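Student: I am new to this structure. Can you take me through it feature by feature?

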Amino acid sequence: HEQYRTLELSHSYFRPVSSGSLRFEGVLIHRGSRARHVEVSFHQDDGKLAGKSRLSCLVIPATEASAP
């Protein structure tokens, strides 16, 4: 199995959320051989954007991950 290491993680909050539920939607922005970039948006019940998160991670292939 592949392993992942976080390269960058950021969150932006646009409005407070104190009740109700959130809907999360993730999109794979880039899938390279050594890195993945993902963006997640989260919306309130009324559909308004509450925030976004971005993640970049390093992919470690199974052959490298199991090496001593």
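**Reading the surface and the salt bridges**

Tutor: Start with the surface. Val17, Leu22 and Phe24 make a nonpolar surface patch of about 260 Å². Patches are made of residues with over 30% relative accessible area and no salt bridge; like charges are joined within 9 Å, and nonpolar side chains (Val, Leu, Ile, Met, Phe, Trp, Tyr) within 5 Å. Accessible areas come from the Shrake-Rupley method with a 1.4 Å probe, and for residues only the protein chains shown count as cover.

Student: What kind of model is this, and how are residues numbered?

Tutor: This is a predicted model: local features need pLDDT of at least 70, side-chain atom pairs count only at pLDDT 80 or more, and totals for chains, interfaces and linings use all residues. Residues are numbered from 1 along each chain as its sequence is written, and side-chain values use heavy atoms, with hydrogens and water left out.

Student: Is Leu22 buried or partly exposed?

Tutor: First the scale. Buried means under 20% relative accessible area, exposed means over 50%, and partly exposed is in between (1.4 Å probe, protein chains only). Leu22 has a relative accessible area of 33%, so Leu22 is partly exposed. Gly20 has 64%, so Gly20 is exposed.

Student: Where do Leu22 and Gly20 sit?

Tutor: Helices (H or I, at least four residues) and strands (E, at least two) are DSSP runs, numbered from the N terminus. Leu22 is in strand β2, residues 22–31. Gly20 is in the loop between β1 and β2. Gly20 and Arg54 are 34 residues apart along the chain, and their C-alpha atoms are separated by 23 Å.

Student: How many aromatic pairs are there?

Tutor: Rings of Phe, Tyr and Trp (its six-membered ring) pair if their centres lie within 6.5 Å; planes under 30 degrees apart count as stacked, over 60 as edge-to-face and the rest as tilted. The count here is two aromatic pairs. Tyr13, Phe24 and Phe42 form one aromatic cluster. You have met Phe24 in the nonpolar patch.

Student: How many salt bridges does the structure hold?

Tutor: A salt bridge is a side-chain nitrogen of Lys or Arg within 4 Å of a carboxyl oxygen of Asp or Glu. The structure holds four. One of them joins Arg36 and Glu2, with the closest N and O atoms 3.8 Å apart. That pair links distant parts of the chain: Arg36 is in strand β3, Glu2 is in the segment before β1 (3–13), and they are 34 residues apart.

Student: Why does Arg36 count as buried?

Tutor: Arg36 is buried because its relative accessible area is 8%.

Student: What else does Arg36 touch?

Tutor: Contact means heavy atoms within 4.5 Å. Not counting residues up to four places away in sequence, Arg36 touches several residues, including Tyr4, Leu28, His30 and Cys57. Arg36 and Cys57 are 21 residues apart in sequence, yet 5.4 Å apart in space, C-alpha to C-alpha. The side chain of Arg36 also reaches the backbone oxygen of Gly32 at 2.6 Å.

Student: Which side chain does Ser56 join in a polar contact?

Tutor: A polar contact is a pair of N or O atoms within 3.5 Å; within protein, one must be able to donate a hydrogen and the other to accept it, and residues adjacent in sequence count only if both atoms are side-chain atoms. The side chains of Ser56 and His37 are joined by one of 2.7 Å. Ser56 lies in strand β4, residues 49–60. Its relative accessibility is 14%, so Ser56 counts as buried. Leaving aside neighbours within four places in sequence, the contacts of Ser56 include Arg5, Leu7 and Arg36.

Student: Which residue forms a salt bridge with Lys52?

Tutor: Glu39 does, with the closest N and O atoms 3.3 Å apart. Lys52 lies in strand β4 and Glu39 in strand β3, so the pair ties together parts that are 13 residues apart in sequence. Salt bridges that share partners join Glu39, Lys52 and Arg54 into one network. The side chain of Glu39 also makes a polar contact with that of Arg54, at 2.9 Å.

Student: And what about Arg23 and Glu25?

Tutor: Their side chains meet in a salt bridge, 3.4 Å from N to O. Arg23 counts as partly exposed because its relative accessibility is 45%. Glu25 is partly exposed, at 42%.
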